[in-house]
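Take a moment to look over the sequence and the 3D view below. Then we can walk through the model together, one piece at a time.

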Amino acid sequence: MTAQLIDGNALSRQVRADIRERAAALRERGVTPGLAVLLVGDNPASQVYVRNKVLACEDVGFHSVLEKYDATLSEAELLARIEALNQDPAIHGILVQLPLPAHIDDHKVIEAISPAKDVDGFHVASAGALLVGEDGFKACTPYGCMKMLESIGMKNLRGKHAVVIGRSNIVGKPMALMLLAQDATVTICHSGTPDLAALTRQADIVVAAVGKRNVLTADMVKPGAVVIDVGMNRNDEGKLCGDVDFAGVREVAGWITPVPGGVGPMTITMLLANTLQAAERTGA
Ligand code: GUN
């Protein structure tokens with residue numbers, strides 16, 4: 001059996017159509033959702049990501065500003081800029097593209113963003129809200145993965161075992177909490193997990209979020225399982241690939257996300273969803 005694809009581009013188009021409509025309704029009431037994207041330095045991958053975020057804003061009728069700074073920008077200057085954006089009523093979401101140059105403390109910068117504008121969902125207030133089940137912005141990548149599961153009828157996950165490979169603050173940990181919030185039984189695996197395959201073979205849902213090729217191979221997957229691939233790597237030919245051995249795993253899994261065209265487009269779309277939510281919350 002060959003797995004069915006969960007098409008991130010198609011789902012993204014559907015979700016964006018709804019966002020576009022809601023943004024238009026907000027604009028009629030005099031509020032244009034606004035996102036500020038801050039990039040420090042000239043990391044080539046970051047340049048591509050921020051451009052795509054700005055283009056996505058245009059696509060759904062948001063206002064966006066892209067602020068690019070030289071790698072020599074001081075931490076104090078960046079914090080001052082964030083404070084000004086916190087006070088700016090035209091800006092509902094603030095995103096500081098990571099990684100930042102080494103002389104700037106990521107943590108300090110993220111905590112400087114007002115939790116009301118933390119559309120990346122990285123602030124401790126957002127992470128804490130997710131932990132205790134309160135309202136808050138959800139980190140975009142795991143939020144997109146949850147939407148992908150929902151799109152194939154997997155919303156209530158009671159009775160399902162989900163295995164998350166990776167424990168980053170940006171993906172692995174929030175992913176596990178979102179799955180748990182839907183009543184899944186969740187196992188978090190990482191580089192110190194002794195027999196990864198023994199755990200993934202029990203999983204109804206596997207999320208691979210490590211940043212390394214071939215972390216999940218066909219022999220590690222239960223027939224019919226749902227496999228979500230968060231990885232973004234390059235293979236030996238320089239082609240984009242995920243953490244999952246796609247060709248092998250698709251012959252065993254029931255559903256699988258491709259790379260590219262899977263989780264990636266959903267991440268940006270959920271950033272738009274968070275920005276819209278931030279604008280709607282301003283009470284307009
Ligand atoms: N760098 C890589 N992914 C992300 C992301 O989702 N948000 C931010 N701010 N930086 C990133």
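**Starting at a buried glycine**

Gly166 is buried, because 24 other C-beta atoms lie within 10 Å of its own. Here, "buried" means that 20 or more other C-beta atoms lie within 10 Å of a residue's own, "exposed" means 12 or fewer, and "partly exposed" is in between, with C-beta atoms placed from the backbone. Before we go on, keep in mind that this is a predicted model: local features need pLDDT of at least 70, side-chain atom pairs count only at pLDDT 80 or more, and totals for chains, interfaces and linings use all residues. Residues are numbered from 1 along each chain as its sequence is written.

Where does Gly166 sit? You will find Gly166 in the loop between β5 (161-165) and α7 (172-181). These labels come from DSSP runs, numbered from the N terminus: helices are H or I with at least four residues, and strands are E with at least two. Setting aside residues up to four places away in sequence, Gly166 touches Val171, Gly172, His190, Ala209 and Val210. Two residues are in contact if their C-beta atoms, placed from the backbone, lie within 7 Å.

Now look at Arg167, which is in the loop between β5 and α7. Is Arg167 buried or partly exposed? Arg167 counts as partly exposed because it has 18 C-beta neighbours inside 10 Å. Leaving out neighbours within four places in sequence, its contacts are Gly172, Lys173, Ile188 and His190. In the UniProt record, an unreviewed entry, the annotation "binding site" covers Gly166, Arg167 and Ser168. UniProt positions are given in the numbering used here, feature names are shortened, and annotations may be inferred rather than shown by experiment.

**The helix after the loop**

Follow the chain into α7. This helix is largely enclosed by the rest of the structure, because 8 of its 10 residues are buried. Among the buried residues of α7 are Gly172, Pro174 and Leu177. Their cover includes α5 (124-132), α6 (140-151), β5, β6 (185-189) and β7 (205-208). Just after α7, Asp183 takes a positive phi of about 75°.

**Strands side by side**

Next, find β7. Ile205 and Val207 point one way from β7, Val206 and Ala208 point the other way, and all are buried. β7 pairs with β5 in the parallel sense over 4 bridges, and Ile165 stands opposite Ala208. Two strands pair if DSSP finds at least two bridges between them. β7 is also joined by 4 bridges to β8 (residues 226-229), and the two run parallel. In β8, Val227 is the bridge partner of Val206.

**Another sheet and a ligand**

Elsewhere, 3 strands form an open sheet in the order β3-β2-β4, with parallel pairing. Its edge strands are β3 (63-69) and β4 (93-96), each pairing on one side only. Helix α2 (residues 44-60) lies across β2, β3 and β4, and runs at about 170° to β2. Angles run from 0 to 180 degrees between N-to-C directions, and axes are lines fitted to C-alpha atoms, for helices over the stretch in contact. β2 (residues 34-40) is joined to β4 by 4 bridges, and Val37 stands opposite Leu95 in β4.

Leu95 leads us to the ligand, which is surrounded by Leu95, Val96, Gln97, Leu98, Asp120 and Cys140. A residue is near a molecule if its C-beta atom, placed from the backbone, lies within 6 Å of it.
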